[in-house]
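The sequence and structure follow.

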Amino acid sequence: MRLRALAAVYVVSAVSAIPATAGADAVTVGAARTSPATVPCPKAVAPKVVRSPRPTPPPSVAEHRVVGGEALATTGLVVPPGAPAPPKVTATSWLVADLDSGEVLGGCGPHEYATPASVQKLLLAATMLPLLDPAKVVTVTRADLDIAPGSSAVGLLPGGRYRVETLWLGLLMQSGNEVANVLARLGGGADGAAGGVRLMNEQARRLGARQTNAVTPSGLDAPGQFTSAYDLALIARACFDHPTFRRYALTERTRIPAQKALRGKGFEIQNENQLIYRYSGALGGKTGFTDYARHTYVGAAERDGRRLVVTLLGAEPRPLRGWEQGAALLDWGFALPRQAGVGRLVEPGELDAGPSPSAPEPTAAPPLAATASATVADGPGAGMFVALAVGAVAIALAVIAARRSRAAGRPPGG
């Protein structure tokens with residue numbers, strides 16, 4: 001009986017020793033990964049406005065908040081160590097990034113959900129520009145003109161015939177919501193505009209914009225439609241990679257042709273993005289506004305061979321308008337060293353990529369004794385496990401021998 005009790009005590013002690021050590025390690029690792037205190041974003045005081053309630057965003061997904069780097073998973077400010085304070089803006093979230101290297105220079109709540117307004121037209125552009133022939137002439141339908149009363153429109157006529165290039169200019173210069181409907185319908189094929197929106201969401205996923213969901217092609221408010229400052233930077237980067245987009249975004253004025261068959265006169269439109277007129281090195285961008293979204297903005301500029309993009313959401317136009325807040329943040333970004341950064345913009349397809357079939361085979365695991373010596377501070381080594389196993393086997397054999405002795409009439413241990 002004493003041998004049985006000894007064996008039981010030994011085995012229980014050996015087993016309980018292992019999780020106790022592992023538990024201590026888990027606490028240490030968890031403590032090492034504790035998030036730092038949230039730093040408030042520099043805020044400008046905006047006049048109070050009466051606004052409708054914001055739509056309820058979807059539940060936050062932890063893995064989406066760390067796309068581009070763990071430092072970006074904050075509701076507050078994230079800037080490189082030693083960087084000067086960014087300017088105070090009224091935007092609820094923003095981000096500044098390098099269009100070429102993909103380095104994220106800083107942001108405020110970069111992965112916070114917000115409604116996009118017309119900056120969503122950039123996702124439409126990133127999706128449809130490669131698909132549509134700019135020289136093709138298309139006919140506008142009455143369904144294309146079904147937009148919210150009073151919302152931005154170029155002034156296309158039902159039955160009017162326009163080149164696709166003219167439509168792109170109307171979309172990016174005047175934020176025409178009816179133009180967005182036409183382009184989404186053209187790209188959506190048999191499913192029309194709904195098919196175009198589906199392609200937009202597929203493109204967002206390919207780009208790594210996991211917090212973006214399009215419901216309308218124009219960015220007009222709709223339940224379930226959201227984006228983030230980080231996602232907008234991914235989308236803008238895809239747009240500025242396209243030379244045709246860069247040309248459209250910098251066009252200051254163009255003419256919408258007359259529709260003689262409909263007795264419609266031609267007229268001129270101008271680019272409403274003030275950055276291209278007032279900021280040296282401006283590359284263009286997109287403005288946006290709805291009651292839910294407030295003012296949204298995406299702008300890019302080049303200085304000394306360096307191209308930066310700024311995205312901002314939920315801004316009020318005073319004391320600075322959206323493009324002016326973007327310009328101030330661009331100035332801040334250009335003043336930072338080139339190597340400064342807090343994260344990066346992921347590459348298209350990166351988040352969906354599986355293990356590479358051509359990847360080299362993993363190296364063989366080191367000998368058990370070497371692993372034990374290298375990790376002795378982190379948990380029980382291999383020698384401890386071997387000793388425990390040998391001891392347990394020895395006790396078990398002793399118990400068996402005692403039973404056999406008892407069965408043969410011999411005293412234990414005799």
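## Burial of V119

In this predicted model, V119 counts as buried because its relative accessibility is 0%, against a cut-off of under 20%. V119 sits in the loop that runs between β3 (103–108) and α3 (121–128).

Beyond its neighbours within four places in sequence, V119 makes contact with L232, K286, T287, G288, T296, Y297 and V298. The C-alpha atom of V119 is 9.3 Å from that of A236, although 117 residues separate the two along the chain.

## The cavity

One cavity of 30 Å³ or more is counted. The volume of the largest cavity is about 40 Å³.

V119 is among the residues that line the largest cavity, together with P116, Q120, L123, T212, T227, L232 and I235. The lining is made up of five nonpolar and three polar residues, with no charged ones.

Strand β2 spans residues 93–98, and six of its six residues are buried. Both of its faces are covered: S93, L95 and A97 are buried on one side, and W94, V96 and D98 on the other.

β2 pairs antiparallel with β10 (residues 306–315) through six bridges, and S93 has L313 as its bridge partner there. An antiparallel pairing with β3 is made over four bridges, in which W94 is partnered by C108. Four residues lie between the strands in the hairpin of β2 and β3, where G102 adopts a positive phi near 80°.

Key
Residues are numbered from 1 along each chain as its sequence is written. This is a predicted model: local features need pLDDT of at least 70, side-chain atom pairs count only at pLDDT 80 or more; totals for chains, interfaces and linings use all residues. Side-chain values use heavy atoms; hydrogens and water are left out. On a 1 Å grid over the protein atoms alone, a cavity is a set of points where a 1.4 Å probe fits but cannot get out, and a pocket is an open set with protein on both sides within 12 Å along at least five of seven lines; lining residues have an atom within 4 Å of a point. Grid points are joined across faces, edges and corners, and a volume is the space filled by probe spheres set on the points. Ala, Val, Leu, Ile, Met, Phe, Trp, Tyr, Cys and Pro count as nonpolar, Asp, Glu, Lys and Arg as charged, and the others, Gly among them, as polar. Helices (H or I, at least four residues) and strands (E, at least two) are DSSP runs, numbered from the N terminus. Buried means under 20% relative accessible area, exposed over 50%, partly exposed in between (1.4 Å probe, protein chains only). Contact means heavy atoms within 4.5 Å. Two strands pair if DSSP finds at least two bridges between them.
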